[in-house]
Number of protein chains: 2
Amino acid sequence: MNHFLTKQRAILKVCLISLIERKKMYGLQYLKELKETFKPYGYVPKHSEIYKALHELTAEGIIYRIKKRRCPDREGFQEIIIYQFTEDGLEKGRVYKQMVRSDLERSLGIIRKVLKDNY
Amino acid sequence: MNHFLTKQRAILKVCLISLIERKKMYGLQYLKELKETFKPYGYVPKHSEIYKALHELTAEGIIYRIKKRRCPDREGFQEIIIYQFTEDGLEKGRVYKQMVRSDLERSLGIIRKVLKDNY
DNA sequence: AAATGAACACCCTGTTCATTG
DNA sequence: CAATGAACAGGGTGTTCATTT
């Protein structure tokens with residue numbers, strides 16, 4: 001409550017939680033999905049941010065890492081890291097999302113206010 | 001078009017342009033107004049940001065500075081700086097505001113998208 | 001080349017300090 | 001103490017580099 005608009009990191013974490021709820025993927029796949037999601041808005045998330053967000057969610061005990069080797073395609077055995085909810089991760093994730101939600105609505109309020117007052 | 005949500009600085013500059021359109025004031029008065037404006041949203045602008053925004057608008061030739069001494073109240077002769085539009089400042093200001101406007105709408109789109117997709 | 005991660009640098013913003021009246 | 005401003009510090013984000021397969 002002591003800052004301006006919602007931070008990118010928080011938004012990415014919310015998006016990642018939702019994505020993990022739906023399908024287990026690995027880092028760069030999430031990146032690709034999110035790039036598609038935000039392409040219409042001229043926002044292109046970077047791979048380092050995705051990783052940092054995933055690492056934070058891991059450190060917070062919401063998800064955990066599973067190392068795997070990709071099915072032996074033509075491309076060889078690439079090591080990837082799949083993310084899964086911990087025991088109470090789903091619940092913790094919901095709580096986190098709710099926190100960010102109110103911050104998003106606050107941000108929405110700020111932007112609407114600016115648009116209303118200045119245009 | 002290569003970033004995330006609209007930056008604080010840009011929003012403050014837009015607000016300041018609008019305020020200068022209405023009434024000539026000095027830095028800390030703008031600060032006080034803007035604190036009031038955004039109080040309901042838990043956002044408290046800082047004095048240094050206001051000054052930086054005013055300095056940028058000055059450097060961009062949108063406004064210029066007039067040094068004055070405040071009417072001799074009980075408090076003595078405080079030196080203040082009033083801001084005024086330059087010759088083409090009003091027009092330039094409008095152009096700047098329009099630029100930020102589209103960025104604000106882009107940001108609005110991002111936040112709405114996140115709220116829609118994740119909740 | 002794909003995937004992960006760390007290191008580094010840059011930019012934005014907040015806190016603090018300085019000066020003047 | 002009010003007003004302005006600069007200097008400095010911290011945090012968030014992007015770019016680059018390193019490692020592995």
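This is a predicted model: local features need pLDDT of at least 70, side-chain atom pairs count only at pLDDT 80 or more; totals for chains, interfaces and linings use all residues.
## A:Leu115

A:Leu115 belongs to helix 4 of chain A, which spans residues 89-118. Its relative accessibility is 16%. Buried means under 20%, so A:Leu115 counts as buried.

Sequence neighbours within four places aside, A:Leu115 touches residues of chain B. These contacts are B:Arg101, B:Leu104, B:Glu105 and B:Leu108. A:Gly27 lies elsewhere in the chain: 88 residues separate it from A:Leu115 in sequence. In space, their C-alpha atoms are 36 Å apart.

## B:Tyr30

B:Tyr30 sits in helix 2 of chain B, residues 27-38. Its relative accessible area is 0%, so B:Tyr30 is buried.

Leaving out neighbours within four places in sequence, B:Tyr30 has contacts in chain B. Among them are B:Leu16, B:Leu19 and B:Ile20. B:Lys23, B:Lys24 and B:Met25 also touch B:Tyr30. So do B:Ile50, B:Leu54 and B:Tyr83. B:Tyr64 is 34 residues away along the chain, with 16 Å between the two C-alpha atoms.

## Aromatic rings and charges

The whole structure holds 4 aromatic pairs over all chains. One cluster draws on both chains: ring pairs link A:Phe4, B:Phe38 and B:Tyr43.

Lysines also sit over rings. The charged end of A:Lys97 lies over the ring of B:Tyr119, 6.0 Å from the ring centre. The charged end of B:Lys97 lies over the ring of A:Tyr119, again 6.0 Å from the centre.

## Helix 1 against helix 4 in chain B

Two packed helices are described by the angle between their axes and the distance between the axes. In chain B, helix 1 (residues 8-22) and helix 4 (residues 89-118) have axes that come within 10 Å. The axes cross at roughly 140 degrees. Angles over 145 would count as roughly antiparallel. Helix 1 and helix 4 of chain B are therefore oblique to each other. Their crossing is left-handed.

Helix 1 of chain B contributes B:Ala10, B:Ile11, B:Lys13, B:Val14, B:Ile17, B:Ser18 and B:Glu21 to the meeting. Helix 4 of chain B contributes B:Leu90, B:Gly93, B:Arg94, B:Tyr96, B:Lys97, B:Val100 and B:Leu104. B:Lys97 has its charged end over the ring of A:Tyr119. B:Leu104 is in contact with A:Leu115.

How values were computed. Residues are numbered from 1 along each chain as its sequence is written. Chains are lettered from A and ligands numbered from 1 in the order in which they are written. Side-chain values use heavy atoms; hydrogens and water are left out. Helices (H or I, at least four residues) and strands (E, at least two) are DSSP runs, numbered from the N terminus. Buried means under 20% relative accessible area, exposed over 50%, partly exposed in between (1.4 Å probe, protein chains only). Contact means heavy atoms within 4.5 Å. Rings of Phe, Tyr and Trp (its six-membered ring) pair if their centres lie within 6.5 Å; planes under 30 degrees apart count as stacked, over 60 as edge-to-face and the rest as tilted. A charge sits over a ring if NZ of Lys or CZ of Arg is within 6 Å of the ring centre and within 35 degrees of the ring normal. Axes are lines fitted to C-alpha atoms, for helices over the stretch in contact, and angles run from 0 to 180 degrees between N-to-C directions. Angles under 35 degrees count as roughly parallel, over 145 as roughly antiparallel, 65 to 115 as roughly perpendicular and the rest as oblique. A crossing is left-handed if the near helix is turned anticlockwise from the far one by less than a right angle, and right-handed if clockwise.
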